[in-house]
Amino acid sequence: MTTLELDGVHTYYGESHILQGLSLSVEEGEIVALVGRNGVGKTTTLRTALGLTPPREGTVWFDGTDVTGMEPHEIAARGMGWVPEERRVFSHLTVAENLRVAAHSAADPDARIAEAYELFPALDRFADKEAGDLSGGQQQMLAIARGMVGDNDLLLVDEPSEGLAPQIVEDVVEALRAASADTTMVLVEQNFRLAMDLADRFYLVDHGVVVEAGETAGVTSEDERIRRYLTA
Amino acid sequence: MSLAPLVAVVSQVAPLVDPGALLATGGAVEGIQTAARVLAEGIGKGAVYFTIAVGLTLVFGLMGVLNFAHGAVAMVGAYLGGLVLVLVVGANTGTIATILVFFVALALVFAVTTAAGSAMEVALIRPIYDRTPTYQILLTFGVSLIIEEVARIVLTLRGIQPDPQWQAPMATAPDVLLGRTELLGIGVRRLYLFEVAIGAVVAVAVWAFLTKTLYGLYIRAGSEDTEMVQALGIDVRQAFTVVFGVGTGLAAVGGVLLMWDPIWGPSVLLSIDVLLYAFVVVIIGGLGSFTGTLVAAGIVGIADSVTTWLFTTGIVTFPGLSEVTIFLLLVVMLIIRPQGLYGVEEVGGH
């Protein structure tokens, strides 16, 4: 079953035409990576799916429903979670409060939060600490956990390794693998190797359209069809 | 360098300084009782400032909207509360009954203005969220002017002089709240104690709403990152409506509180006075910060009390200097810490 489908979407920031007829689909249980240079429209694709930057043309389907033009909270309430670039945790709220806000839509919020603590023991230790006082890696864990506790069918994860030390990135990758066990995932990631390691399929985006797509197995950034779109 | 300009300034200020008063009050400055009394009155004023400012900070914190109609709503609250008192309280009404009527008026005014504020958010503010903050400022300022003019018209038609003050509701204040009472050896105005009690109830109620309810949690999260809250499946627009309504209701509660206060009292001028003091408090505390508003209200209240004492009974006799000092505090804060004591550099926004 197709979880997410973008069909010929055109998205603008003001008069800047960012997505220029982009189409992609994500099947249930998959991890799909969006790769490409900075500024080609990867983050905008996630924002368009969630209704934060609605498309002017084209259609967004989520779990078989046309969600184009719906409010972001309506789309999110249908089970689309977001782990945004730069984490965006609520820095003046405690770790527990961050998770409580996100778990409001879960059938059993306490159980979901307990599962998140099980997956990320560090968060349990710092449950009463303000999120702004956590390290970058811990904040990333919190952002992922926040995306997971809402009983989401799909998680949109934007640049999870950005600004993190290599050791922390490994922890984040493990967290994402754990999260993907029961959630379909779309992953935007600058680190090409990491994206290929994690994902089942990829879409290579350039100038707001998909220029390459396929299975990730065996794909490297040295492939000619990939390299010419990743280098400036 | 010529000293002529300095000499000119000193010669202008010198007549304001009364050497006799300086000597007479010099001992009092050091007197613990005087200091304690001034401090207690400062806390009383702080309670009033907190009550009139907390709604403004709530609205800005979540919505990023600076509501210039806040003071006008407080003015309406003062008159509506006064109306209830004037209609119900008579010469034979007892003290307890009068105070009960006051609380009934408080609840009624809060309910009515909360509903009106919510309606205003839906009808007027919501259509312009996507525009720059200038539109919101102009719109709420326009609403403030309309409310003030309508109040003037109604008061004129009813034969009630809006300026300087409508005395009727003040006359309903029970005797028990007039005069001073001894508290730990200090003579404190009873009305200040009453205002502190109400301010404390408002503070605890708002704090409990923000920290103990799920809706309060949404509001605190939304004041940091509205878009993120939406992305978590929360209807921020509904939260905006509720918060704007509650913020408006709290402004009106502040107005009811001022109704019996001889320093304020019901007056159309209350609109601009409340707005100015509320702005001073929320800017010093940090726009959008509940804790900041609480702390700043205390600071401004005590600064007001100290300077009022200083400039009316102390070294320099010039009552207007008290207000100047408070606005000077605001200027200093804007220069050294523009985000305020507890503010973050960016709050609100959507």
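**Reading the helices**

Tutor: Gladly; let's begin with helix H13 (residues 290-313) of chain B, which has 24 residues and reaches 34 Å from its first C-alpha to its last, close to the 34 Å expected at 1.5 Å a residue. The expected span is 1.5 Å times one less than the number of residues. Helices (H or I, at least four residues) and strands (E, at least two) are DSSP runs, numbered from the N terminus. This is a predicted model, where local features need pLDDT of at least 70, side-chain atom pairs count only at pLDDT 80 or more, and totals for chains, interfaces and linings use all residues. Residues are numbered from 1 along each chain as its sequence is written, while chains are lettered from A and ligands numbered from 1 in the order in which they are written.

Student: Why is H13(B) described as largely enclosed by the rest of the structure?

Tutor: Because 17 of its 24 residues are buried. A residue is buried if 20 or more other C-beta atoms lie within 10 Å of its own, exposed if 12 or fewer, and partly exposed in between, with C-beta atoms placed from the backbone.

Student: How do I read a pair of packed helices?

Tutor: Two packed helices are described by the angle between their axes and the distance between the axes. Axes are lines fitted to C-alpha atoms, for helices over the stretch in contact, and angles run from 0 to 180 degrees between N-to-C directions. Here, the axes of helix H4 (residues 70-88) and helix H6 (residues 133-157), both of chain B, come within 8 Å and cross at roughly 25°. That makes H4(B) roughly parallel to H6(B). Angles under 35 degrees count as roughly parallel, over 145 as roughly antiparallel, 65 to 115 as roughly perpendicular and the rest as oblique.

Student: Which residues make the contact of H4(B) with H6(B)?

Tutor: Gly71(B), Ala72(B), Met75(B), Val76(B) and Tyr79(B) come from H4(B), and Ser144(B), Ile147(B), Glu148(B) and Ala151(B) from H6(B). Two residues are in contact if their C-beta atoms, placed from the backbone, lie within 7 Å. They divide into 6 nonpolar, 2 polar and 1 charged. Ala, Val, Leu, Ile, Met, Phe, Trp, Tyr, Cys and Pro count as nonpolar, Asp, Glu, Lys and Arg as charged, and the others, Gly among them, as polar.

Student: At what angle do H4(B) and helix H11 of chain B pack?

Tutor: H4(B) and H11(B) (residues 236-259) pack at about 50°, with their axes 6 Å apart. That makes H4(B) oblique to H11(B). By class, this contact has 11 nonpolar, 7 polar and no charged residues.

Student: And how do helix H9 of chain B and H11(B) cross?

Tutor: The axes of H9(B) (residues 214-224) and H11(B) come within 11 Å and cross at roughly 105°. The two are therefore roughly perpendicular to each other. Tyr218(B), Ile219(B) and Gly222(B) of H9(B) meet Val236(B), Ala239(B) and Val243(B) of H11(B).

Student: What is the phi of Arg88(A)?

Tutor: Phi of Arg88(A) is near 50°, a positive value in a residue other than glycine. Arg88(A) is found in the loop between strand S6 (80-83) and H3 of chain A. Arg88(A) is partly exposed, with 19 other C-beta atoms within 10 Å.
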